[in-house]
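I open the notebook at the place where two chains come together.

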2 protein chains.
Amino acid sequence: MSQALSGIKVIDVASVLAGPYATMLLGDMGANVIKIEPPIGDMMRKSPPFIGGESAYYIYANRNKRGMRLNLKTAEGKEVLFDLVKDADIFIENWKPPTKRSLGIDYSVVQKINPKLIYCSISGFGQSGPWAERPGFDQIAQGMAGLMSVTGFTEPTRVGVAIGDSIASLFATYGILCALIEREKSGKGQFIETSLLEGLISVLGFQAAKYFGTKEIPSMQGNDHAAFSPYGTYKTKDGHINIAAGNEKMWLKLCELLEINELIQDSMFNTMEARVSNKDKLKEILECKLAKRTSAEWIEILNNGGIACGPIYSIDEVFNDEHVLHRKMLLETTHSLAGKIEMIGFPVKMKRTPCKINYPPPVFNEHTEEILKEIGYNDEKIVDLKRKEII
Amino acid sequence: MSQALSGIKVIDVASVLAGPYATMLLGDMGANVIKIEPPIGDMMRKSPPFIGGESAYYIYANRNKRGMRLNLKTAEGKEVLFDLVKDADIFIENWKPPTKRSLGIDYSVVQKINPKLIYCSISGFGQSGPWAERPGFDQIAQGMAGLMSVTGFTEPTRVGVAIGDSIASLFATYGILCALIEREKSGKGQFIETSLLEGLISVLGFQAAKYFGTKEIPSMQGNDHAAFSPYGTYKTKDGHINIAAGNEKMWLKLCELLEINELIQDSMFNTMEARVSNKDKLKEILECKLAKRTSAEWIEILNNGGIACGPIYSIDEVFNDEHVLHRKMLLETTHSLAGKIEMIGFPVKMKRTPCKINYPPPVFNEHTEEILKEIGYNDEKIVDLKRKEII
């Protein structure tokens, strides 16, 4: 069965996470993704832990690609890249501006070879402005975007995953796909770009809205919500659960199920505003009742009553949960070095053209010859490029 | 100038955040987004703070849409929806399954009216499986996806923005755009879906990779990185900065700039692994040196030396930063009730077909008549629908 992006050719010279995750999303939809790695390989390949010698982190972000080695620091290596780009639809890089200059590869160069190409740059801070030349990492972006300042209890807290990279990947993919759609009409490619910083700023949501609306500086949120209550993390007999009683109906039902109907008329709790103002007192009352049963029991009881309630899972619990498995969020495939590997499933379910695993993550240099033969390189040329250590 | 999604018609019956943010992303690219709200309005309109009577949170997620009131609980209201859907490209909803059943509107119904329609459902946990019928909120998804278990210091911590909603929006947009591209070839629409839970699981990144690779349960990350050091938050003379010396070159330069060259040969610190093992001791040494200057001074000095380093901004600092402003991440427009409003800029820069503000967020019921006239409804019909309180 054909997939949504079958026939779309992607040249990916990006490394680490934001670029590779974006091209994996394209590959998951059937695009023909060619991952080009320098002679030392994607830096991510060096990141422990390893499964059969392959980095688990590399595996995470590189399925559905074929991989090739190419030394872009040589003139002949660049020629190979330009040959690959000739009939490509998308080119994606996350080079820093100085790298781009020293390689002599940028949009102005590549568009001459293929004016229909959609060229996407992902960076820490964007291609212009005072921070453009600075090295960008997820940690820096999380701090600079304000995300750390609203996360945590008493000190600014980094989200425990590289959320800046992931969100930049998603915005890059959005831009690339919009440019592809536009190209159907105009016949023209274009340059697009996004960054970790801009992506994270864009998802500040309620915190930015609150600041724009009041000019008050949003503070660290802890595990409660600034506008709703009860909405947060609560202690039970054997652990913690999340409860999100985001509307009046849920609140009334919660009072019934916890046998605290007297609060319904209590002026300290009878409106959402009052409950938010007195949320600490309310938490005390709720936790006193919640102490009577286990988290698992409350999750059943409250959800059966229509109240949003859920567990706080560790990572192993996530991938052992019946619902998560039902949703096929854990997949297995076979990797030539690592053997049987697990990976995260597809978050978007396409009914008619589903995502699938066409390729496990490539071992270094796995498809170099195959890819070059597809663009017409003969054995002699390939041997010559190998001898010169271009490929 | 035409935009990337000019001519694409989107019918949006979603509310609150995940759905509306997705359709805003389509609107930012020029799509014709029609936001349909029930007679009581999108629940988000009730969320404080208010600017000139309009919710700041509603404003955040609803630019580049025209808005109409429509009572879908009536047969005639549904007829209006079906008329709107006839020539639409995309339909997006975030109804819970029981709501869908009681309204009698789902993909099987709508595809009969328009087989080319791309129909997207966004939910808390997905359309099938044991959790499908349960109410989903960002807080619940953050807990269940394992994100809270790796964020924070001593207790699981919620990210201080509705990151589950935003990521679901981005995945939904990715699915919708892929389906549009596929439709160019097949001529067929399809049903696609994503959820807050599945989106968040998909961005677990290093934490999931580590678990798959080792079966060890990832712990709370605090502000340090599990695989790199120095990489985290460090105290200076007047506050905190983030430093991400993610490679050997940055480490050597950092030793030079902080005048701690003796560490380069020290077996406690001379490899990345050693530094990760001794990161607390290393932090102590670094903070002793960093105490000599202010955050702003170190940010300049370290970045000039090629070391990734940045501020930990509060939300007001984000929107006053010179670089953020240079990147046009703060925009202004005029809203008919709220007057001059600020909003977050466009994270993706499209060179040839840039994003722009075509419409400020609609006031309730603003474009109902205009939209119905576009699909051929005459004044008489519109007056009749109003009289019956359908619109």
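I began with the contact (heavy atoms within 4.5 Å), which takes 142 residues from chain B and 142 residues from chain A. I note that this is a predicted model, in which local features need pLDDT of at least 70 and side-chain atom pairs count only at pLDDT 80 or more, while totals for chains, interfaces and linings use all residues. Residues are numbered from 1 along each chain as its sequence is written, chains are lettered from A and ligands numbered from 1 in the order in which they are written, and side-chain values use heavy atoms, with hydrogens and water left out.

Next I looked up the buried area, meaning the accessible area (1.4 Å probe) that two parts lose on being put together, summed over both. Between chain B and chain A it is about 12200 Å², and carbon and sulfur atoms give 66% of that area.

I then turned to salt bridges, defined as a side-chain nitrogen of Lys or Arg within 4 Å of a carboxyl oxygen of Asp or Glu. The count between chain B and chain A is 12; one of the pairs is Glu182(A) with Arg352(B), whose closest N and O atoms are 2.7 Å apart.

For the relation of the copies, I superposed by least squares on the C-alpha atoms of residues with pLDDT of at least 70 in both. A rotation of 180 degrees with 0.0 Å of shift along its axis places chain B on chain A, at RMSD 0.0 Å, and that is the relation of a two-fold axis. Since 100% of the interface residues of chain B are also interface residues in chain A, the copies meet through the same surface.

Last, I followed the strands, which pair if DSSP finds at least two bridges between them. Strand E14 (residues 349-350) of chain A runs antiparallel to strand E8 (residues 190-195) of chain B, with 2 bridges joining them, and Met350(A) has Ile192(B) as its bridge partner in E8(B). Within chain A, strands E6 (residues 90-93) and E7 (residues 118-123) run parallel and are joined by 4 bridges, with Cys120(A) as the bridge partner of Ile92(A).
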